[in-house]
Amino acid sequence: MLETRQNDTTRIAEAPMSPMWRQRSFLALWSAHTVSQFGTQITLFVIPVLALATLSATPGQLGLVSAAETVPFLLVGLPAGALLDRWDRRRVMVVADLGRAVAICVLPLGYALDALSVPLLCAVAFVTGVFTVFFDIADQSLLPSVVSRAQTADGNSRLEISRSTAELAGPSLGGLLLQLLAAPLILLGDAASYLLSALLLCSVRTRHDDDLDRDLDREHGRDDGYEHGHTERRAAPESRMRTRIAEGLRFVLTHRTLRPLALATAIGNLASLGGALSALLTAYAVHDLGLSPGALGLGLSLGNAGALLGAVATGRLIRRFGLGPVLIVAKSLPGLAVLILATAAPGRASATVAFATGILACGVTVYNIGQVSLRQAVTPTALQARMNASVRFVIWGTLPLGALAGGLLGSWLGLRPALWLVGATGLLSCLPLLLAREVRVLRAMPTGPGSVD
């Protein structure tokens, strides 16, 4: 059995690189990602409306629900990365999908039993967030083991197209469903999407990490190690968890490319749709602008066409202007979008929401494709999970803080003044990239760890 598995791995490693649309494992991964994203986008739209309409939640309570979903990245993100460098990442993603499906089903059950409450929403959001930590870190760490390193940018672009398409259709579909069904019942569709995603992931095959590392060592003439003098020696089975966590954190925080990327993204996430804006947008649109859930969903859907545009145009933008400048401009666009959103008036609310969302979605998509691909390109395979966990610890750790701050600011200052502060914070998030020469002058995607372009 062992010999057969080794032979299979060798055949995969020696096979010539084929177009991505002919690679069954990538297609399965892509399909699972797409299905899950559609369900998730509907849920992200439905839950705040559920809290407002059914529970009369305040902006502060909406902030608590949003924070509960992202605080697991602070609590378990780093251990998850250390564990995922040892565990089967595909299997972890399957278990995480199943766990999220079960957790989401609690909300329709609570609604049926008349037990729905803000604490229950927070509890479900927290449990779902824990599974999402493992799923997302495994997801970003899995792609380089499914496709060749030269194809990771293309693979990330296709995954972003799926995400942007889901963002395009999800809110509109969620708004339509809210006109037909009770909000908790819609969440059953999300649970079903996680189950389908788990089924698709079962057909994904990966190359063994050790074989990938040996390929990269031969390609770059290395015996072992990674950039800037840090030496990554494969940890013995008895190595302690905290040692592996420390290696991942040290790699990110001392890396001249990863450190500014993490800092810029962390600042941006304070003001993002997962941070402060998540606690303000629905209440602002419904209360201050007078939009119905259906009209809000339509405006978000039209605006999210910007994400699709960004996913398609990223490669051309990088080739034309260079990776560093594109990252800097893209990082500033979400802050500009929030400032535009703060100028909305009831008479032109739908158009302003659509326009601002388009700018935000385009900027986020272009930035995410570039920064995720750059992170993967400069990180050895043996450190991929710990790198992603460490980066996620830094950048997602600001999300619950932003959500709580957004809810409090909305309650204390009012929704519109809070949006002005959130937009200004978003604009400042590009400063770490501007100040980092290694990012600012970068023209093309590095070809591997230790390479310079």
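This is a predicted model: local features need pLDDT of at least 70, side-chain atom pairs count only at pLDDT 80 or more; totals for chains, interfaces and linings use all residues.
Residues are numbered from 1 along each chain as its sequence is written, and side-chain values use heavy atoms, with hydrogens and water left out. Local features need pLDDT of at least 70 and side-chain atom pairs count only at pLDDT 80 or more, whereas totals for chains, interfaces and linings use all residues.

Helix H12 (residues 276-288) packs against helix H18 (residues 398-412) at an angle of about 40°, their axes lying 5 Å apart; helices are DSSP runs (H or I, at least four residues) numbered from the N terminus, and axes are lines fitted to C-alpha atoms over the stretch in contact, with angles from 0 to 180 degrees between N-to-C directions. By class, four nonpolar, five polar and no charged residues take part in the contact of H12 with H18, Gly being counted as polar.

The axes of helix H3 (residues 59-70) and H4 cross at roughly 5° and come within 6 Å, and H3 and H4 are therefore roughly parallel to each other. Ala68, Glu69 and Thr70 of H3 make this contact with Pro72, Phe73 and Leu74 of H4.

A nonpolar patch on the surface is formed by Leu74, Leu75, Phe126 and Val127, which together have about 310 Å² of accessible area, as computed by the Shrake-Rupley method with a 1.4 Å probe and only the protein chains shown as cover for residues. Patch residues have over 30% relative accessible area and no salt bridge, and nonpolar side chains are joined within 5 Å. Helices H4 (72-84) and H6 (118-146) each supply at least two residues of the patch.

The structure holds three salt bridges, defined by a side-chain nitrogen of Lys or Arg within 4 Å of a carboxyl oxygen of Asp or Glu. One of them joins Arg100 with Asp97, the closest N and O atoms being 2.9 Å apart.

Key: Patches are made of residues with over 30% relative accessible area and no salt bridge: like charges are joined within 9 Å, nonpolar side chains (Val, Leu, Ile, Met, Phe, Trp, Tyr) within 5 Å. Angles under 35 degrees count as roughly parallel, over 145 as roughly antiparallel, 65 to 115 as roughly perpendicular and the rest as oblique. Contact means heavy atoms within 4.5 Å.
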